[in-house]
Amino acid sequence: MSLELIDINLSIEGRTLLHDFSLTVANGETVSIMGPSGCGKSSLLGYLCGSLAPGFKASGEIYVRAENVTHLPMEKRHIGLLFQDDLLFPHMSVGENLAFALPRGLSRKIRQERISQALESAGLPDFHNADPASLSGGQRSRISLMRTLLAEPRALLLDEPFSRLDADLRQRFRSFVFETIREQNIPALLVTHDMQDCNGRIITLADTHAKTGVAHA
Amino acid sequence: MLPSSQTWARLLSTVFPFITLIGTIGVFLPAFGWFPALGFQSFSLEPWHTLLSTPALGTMVAKTLFTGIAATVIALLLALIFVVTCWNTRLWKATERTLAPLLAIPHSALAIGVLFLLSPSGFVSRLLSGPMEWNRPPDILTVNDPYGFSLILTLILKEAPYLVLVLIAAVRQSPVTRLLTVGRSLGYTPLQCWLKLVWLQLYPKIRLSIFIVLAFSLSVIDVSLIIGPALPPLLPVQILQWLQSPNIEMHLPAAAASVLLLGLVLFAAVLWMATEFVIKKAFKSWLTAGYRGNSKALMVNSGRSLWLFTLFTAVASLLFVVVWSFAWRWRYPDILPSVWSLKVWGRYFPRVIDPLFTTLSLATASTVFGLALSIFFLEALPQTRNIRKNLVTSSFYLPLLLPQMTFLLGIHTVLLTLRLDGLWITVMLSHLLFVFPYCYLNLAGFWRQYDQRYTQAGLLLSGSRVKTFIRVKLPILLPSLLTTLALGIAVSTALYLPTVMMGAGRLETLTTEAVALSSGGNRRVLALYAVMQQLLPVFFFATALLLPRWLFRHRKDMLR
Amino acid sequence: MTLGKRRTMPAWSYLRKLLFLPIALLLSTLSFAADNWNDTLKQARGQTVYFNAWGGSEEVNDYLNWAARELKSRYGIKLQHVKVDDISTVVSRILTEKSAGRSDSGSVDMMWINGENFKSMKQHGLLYGPFVEQLPSWKYVDTKGKPTTLVDFTEPVEGLEAPWGMAQLVFMHDTSIVPKPPKSMKELFAFSQKNPGLFTYPAPPDFVGTTFLKQAVMELTEHPELLQKPVTDGAFDKVTKPLWAYLDQLHPLLWRKGRTFPTSSTSMLPLLDDGEIGFSLTFNPNAASTAINNGLIPETVRTYVHDKGTIANSHFLAIPFNSSSKAGAQVAINFLMSPEAQIRKANPQVWGDPTVLAPALVSKNDQKKFAELPLGVATLRPEELGTALPEPHSSWVNALEQAWQRRYR
């Protein structure tokens, strides 16, 4: 009962993308959302995290850990994001990128520990002072996920996080992500084109030109 | 391009930096007493003794540093506040539209506007006169104040928009939306995201411009003459006064003072870099300490208001210049003129025509040369992605990074010996020294954005490089070429010192006339010249904007 | 248009100049007969004369525009007014040109000059001439009644500069703010104690500002005779001690509490117009009337002088040694010195600069015109101008300016 969407409606320029869409994602579960481009899956993520582009009309309630976050600004929702681009900050070292996500008020020692743990989990223990630019694609993606998680999100939204990686890396990073989500025990919503990316429940959104977006479990 | 054109370009590209360096080094000779053209043939420390015994030298130096650095810091802060608080708002778009014409207006015209706005008998004081029951202007030092606050304000009104323009360009090249999304998804408020993520990535991109602003603010002459401290004047003005003194020996301490000014600019630059370093160290832990910030609407709104106020002040002061040119009687404390008249225009406009043509001929010639050279270099020099790492192209900006007074005095020393001062061509070339870097800086951006595939397609179809260049690339880049042309004309129109020094007083431009008249007694005629100073660049910017719209009215993709 | 501003020198004109040079040299040593004047007129035709003159006054600029039109239509000379802030800059430029060996085709053909600038040019051999006493208009000059036309700041003119106009330091006061003006330095101090912030003067080394210093020192010192001799350290301290004591006390009572000063006497007009100050000072006795006519200052402004008189001098026109249009410059100067041009210049509706001519020496017709000149509403009649005090020796100028700057900048 950790991420709950109730009666979400989404439309743009009078065209309905989602109609009364409801969904519950349990802790540790990853629900995948599939569908052709323009079906509204990315807009749904935008609505959930609070970055919906102007022009969209949207309604419906979002609950994270039973808290209604629908009207909170993005930074107060405690929803983590992972994109297809890793978006590591080029002006910080790898360690600083991770530290940036840590909550405020932790002691220096605890911060160091958490960062070391995260680097460990990403399989990059000696990369604290490394320049993000020197990392490979797979390494960057793992750091990016770790950074998202260090902010202690209560839910996770994944926007095609695997699409930029080549086949081999993709498989390994995929398992890494799903394992981590299970470990952290948070609900996750994954948007993808690729059936292989999915793990667990899959929801396919219908073509946007259809009158209603229907969820098929 | 022919293979040899690259060699030519390399050779030619060293000319401007070389001239600037010659000027900078050249000034050391008279500074140490050697100026054979004037009959001084032995090295001595006498010029330095004279300089050091100048009344109030310490005050002048301190105030020059203070005004220059304060103006740069505040302008930068304002620009920072603007991008942080106004991004993705209507104010941002409004700013984008008003900025180019505002920047095109010469510093001196703006200074005259601020003078009309803020002097004890200015518009602000007139507005206050009712409630304050002032019958006479208050006896307060608001302009030409000894600390240079009015000078700082004028510089800020001009430099903050310049930095904003540069920042807007940098923002366009940065993934701001995505950085904000990532930062906010990690729980940071937009303000904190701007400071910790976006700003730190923008800053390196505008650093060169900051140093240009710093060097300019420290060595500015025309604005300082109009609105700066008068007693004692700032160092650059004092140098000019010495150069113009009937006492020829004063040339030498003037040269020594130019070396001192160069030292001040270098000192300020080093100070700036040291501060960058300290701030970077000090804020390193702040950056990753995890402070998420509180959204304070008040702060955002006051930031926006501050920027709005800046823009408003600049525009208002320019408007008062226009009002003054139509005023016949406008005594204190009348808020508007009591007698309006076209007399000023009717009587004095004929006199503007000559300086107007001189201004136009200098501006168009230097800009056309500047544009042609820029295009030649952009086509013929191998392009590296990172401009700042390219030694040749970065040396183009030398004339903007060094104090004008210093290297112009050095160049003047040489020209004087060769009897080449006072010629139209000399003044035009001295304008080119400043027009060219701006043309190049501006065009390089557009050149990089140009989609090379058009040229490739053109080559395949026509088989001729020249034809492709003229028929495909130039027309596609025409709107950019026109705005660069307008920019070059604006830069040349605003130049004061090169015109006065190289022109030996013979060439009168709108700017030299306006500065000369600013010490005179007729505000209406001064206003007339300042209005012309405003109209000229605005006219060219409007043309640059509207002409492509008309030319390409049936080519929708060209108008994006 | 702009190309026209450059001195283009086609071969034929260059040749003519080569021929003209020895002739000019010859003529300047011999006396100028009427025939020679006709030659000069002939050579002058087609020349461009770069006239470097202070350009801060619209009235002066307008007058010179008129002169340029007349010279063009009558003598085929193009008079180009090069406006300068301070003529001393031009002196230094010519000095530079001389040091650089530029003994022809100098950048200046004619200049408006007097006092220390004249002295400096004369000392350095930068002046062409003597030529003045050979000009046809010279015979009208009032050398008897106006001795300053022959001795410029204690420096003999010796035909190296042509008198153009007369000047005397006068004060303006706005009667609506200052009904009864103070008529001596002592009264000025007493007045300022009661009405602080109303008076100021241009910061030396501005010409008028320095003259105010000279006026003050003349009124205050107990040794005025020393001022007519070259300055010495001892004399300077002795003479100026009361001046500094006076200024130290006066400055806090001035406009802006003496923390800043106007840059020129013309820049005081807007301040007077707005009532920021109640006074102005000028070297042109007609300036107040002219400024009222032009809507620059209130109609309530009047002129006054100090009881013991004020400093007076003449201003002149000169030709630099390296001018390439010496004939044109002489014709222009002769015209500007002619009764016709002088009458127009003296008209307060035009410029209002007092003439250097003696009305008794000009034709009956011109005498009438001089007599009919309107007297401006704020202009003093000649007898009201009081005593014209002679300028101190020019070496005092620099000493006073330096000392003032050391003390007050």
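Guide: In chain B, R453(B) counts as exposed because its relative accessibility is 57%, on a scale where buried means under 20% relative accessible area, exposed over 50% and partly exposed in between (1.4 Å probe, protein chains only). This is a predicted model, in which local features need pLDDT of at least 70 and side-chain atom pairs count only at pLDDT 80 or more, whereas totals for chains, interfaces and linings use all residues. Residues are numbered from 1 along each chain as its sequence is written, chains are lettered from A and ligands numbered from 1 in the order in which they are written, and side-chain values use heavy atoms, with hydrogens and water left out.

The side chain of R453(B) meets that of D451(B) in a salt bridge, at 2.6 Å from N to O; the term stands for a side-chain nitrogen of Lys or Arg within 4 Å of a carboxyl oxygen of Asp or Glu. D451(B) counts as partly exposed, since its relative accessibility is 26%. By this rule the count over all chains comes to 32 salt bridges.

Elsewhere in chain B, F18(B), I22(B), V414(B), L418(B), L420(B), L423(B), I425(B) and L429(B) make a nonpolar surface patch of about 670 Å². Patches are made of residues with over 30% relative accessible area and no salt bridge, like charges being joined within 9 Å and nonpolar side chains (Val, Leu, Ile, Met, Phe, Trp, Tyr) within 5 Å; the accessible areas come from the Shrake-Rupley method with a 1.4 Å probe, and for residues only the protein chains shown count as cover. Helices α2 (15-26) and α20 (424-449) of chain B each supply at least two residues of this patch, where helices (H or I, at least four residues) and strands (E, at least two) are DSSP runs numbered from the N terminus. L423(B), in turn, lies in the loop between α19 (404-417) and α20 of chain B, and it counts as partly exposed because its relative accessibility is 32%.

S366(B) gives a contrasting view, for it lies in helix α16 of chain B and is buried, with a relative accessible area of 0%. A polar atom of its side chain lies 2.8 Å from the backbone oxygen of L362(B). Leaving aside residues up to four places away in sequence, S366(B) touches M428(B), H431(B), L432(B), V435(B) and S492(B), contact here meaning heavy atoms within 4.5 Å.

From there one can turn to the neighbouring chains.

Toward chain A, 22 residues of chain B are in contact with 25 residues of chain A. Chain B and chain A bury about 2,200 Å² between them, 63% of it on carbon and sulfur atoms. R184(B), L186(B) and T288(B) supply 25% of the area that chain B buries against chain A, more than any other three residues. Three salt bridges are counted between chain B and chain A, and the side chains of R184(B) and E75(A) meet in a salt bridge at 2.7 Å, N to O. Helices α10 (176-185), α11 (190-219) and α14 (251-288) of chain B each supply at least two residues of the side that touches chain A. The largest share of that side, six residues, comes from α10(B). Chain A and chain C, by contrast, are joined by no contact, and their closest C-alpha atoms lie 49 Å apart.

Definitions and conventions. Buried area = accessible area lost by both parts, 1.4 Å probe. Polar contact = N/O pair within 3.5 Å; in protein donor to acceptor, adjacent residues only side chain to side chain.
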